[in-house]
Amino acid sequence: MDYYSVRMRAAAGGAHEAGGQHISGGERLVGAEELEATVQKLLRRALTHELGQPDFVNLTVEKVASADVTQLPALPVTQREVQSVCEGHAAAVEELLQAGVALSAAQKAVALLVQGPAPHGGVMRGAIVMDADTGARLESDPARGVRVTQLDWEPRALAGWKQRMSRLGTAHERVAEALALATKVTAAADTVAELCWSDDPGYVGGYVAAKSIGYVRIPQLKEPGSPLGGRVFFVRGIRNVQEYEAALQAPVLIVEQTEQRGE
Ligand code: PML
Ligand code: MG
Ligand code: MG
Ligand code: MG
């Protein structure tokens with residue numbers, strides 16, 4: 001069976017490449033029977049985003065041979081309880097240290113997401129790539145960042161995951177999508193860890209993920225109403241950022257659960 005990669009990105013005030021403000025994005029990898037519904041769902045996401053109406057939506061559909069698809073088991077999910085944004089940031093730094101990121105790099109990444117990581121302080125469409133030891137930013141275009149494409153859950157694995165997670169109250173689409181992305185990013189050979197929190201004003205949560213610690217949710221990483229957030233991929237030993245980004249764009253399906261930490 002072949003798959004279809006479906007990608008969406010939406011912006012206001014012009015296309016991203018013309019300086020428009022990023023509103024929403026989405027990546028799916030689906031079978032033929034899901035293609036039309038997926039395109040419709042992503043278009044609806046673009047048109048109904050809380051940040052407002054986009055005037056640019058790019059939807060791309062590409063066929064992907066099933067032989068090219070790698071299967072990855074989802075990272076285990078745990079949650080840190082925090083009482084404030086400040087505690088959330090401290091928890092994130094702690095988890096990043098645990099995953100092998102240098103303290104100065106972890107602190108720099110948190111500060112960047114707080115202030116807005118794009119050149120003029122806004123959000124980026126893609127992720128920051130940061131040297132895990134020196135904290136140097138490596139992405140070649142700091143307005144765009146690095147984008148992860150061609151990933152999705154295998155439908156039965158997603159259904160199973162949602163059933164397991166509903167007990168923890170975290171069976172949401174947003175978490176499933178973020179977990180798929182984090183699983184793919186942390187599986188890349190040169191990734192040390194990922195830090196993410198949402199750029200959606202109505203969602204204040206995020207996570208730290210790494211192969212060694214799994215997907216650690218942190219429910220408060222910014223104040224409600226803030227449109228600032230994003231992703232930082234910490235790397236060690238990459239030859240160049242283009243090669244690293246290419247690895248993040250090879251097709252991946254999330255197929256099965258590993259045991260949950262702490263269950
Ligand atoms: C996003 O806005 O899509 C990023 C969400 C990251 C947090 C997901 C979670 O709560 O685990
Ligand atoms: Mg995206
Ligand atoms: Mg998103
Ligand atoms: Mg968003």
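Ala, Val, Leu, Ile, Met, Phe, Trp, Tyr, Cys and Pro count here as nonpolar, Asp, Glu, Lys and Arg as charged, and the others, Gly among them, as polar. This is a predicted model, in which local features need pLDDT of at least 70 and side-chain atom pairs count only at pLDDT 80 or more, whereas totals for chains, interfaces and linings use all residues. Residues are numbered from 1 along each chain as its sequence is written, and side-chain values use heavy atoms, with hydrogens and water left out.

**Exercise 1.** Determine how the shell around ligand 1 divides into nonpolar, polar and charged residues.

*Solution.* Begin with the residues near the ligand (a heavy atom within 4 Å): R174, V175, A178, C196, S198, D200, Y203, G205, G206, Y207, Y215 and R217 surround ligand 1. Sorting them gives six nonpolar, three polar and three charged residues. Next, assign them to elements, which are DSSP runs (helices H or I, at least four residues; strands E, at least two) numbered from the N terminus: α5, β9 (206-210) and β10 (214-218) each supply at least two residues, and the largest share, three residues, comes from α5.

**Exercise 2.** Find which side chains place a polar atom beside an oxygen atom of ligand 1, and at what distance.

*Solution.* Apply the polar-contact limit (a pair of N or O atoms within 3.5 Å). For R174 the distance is 2.7 Å, for Y203 it is 2.6 Å, and for R217 it is 2.7 Å. The protein covers 89% of the 340 Å² of accessible area (Shrake-Rupley method, 1.4 Å probe) that ligand 1 has on its own.

Conventions
Chains lettered and ligands numbered in written order. Polar contact = N/O pair within 3.5 Å; in protein donor to acceptor, adjacent residues only side chain to side chain.
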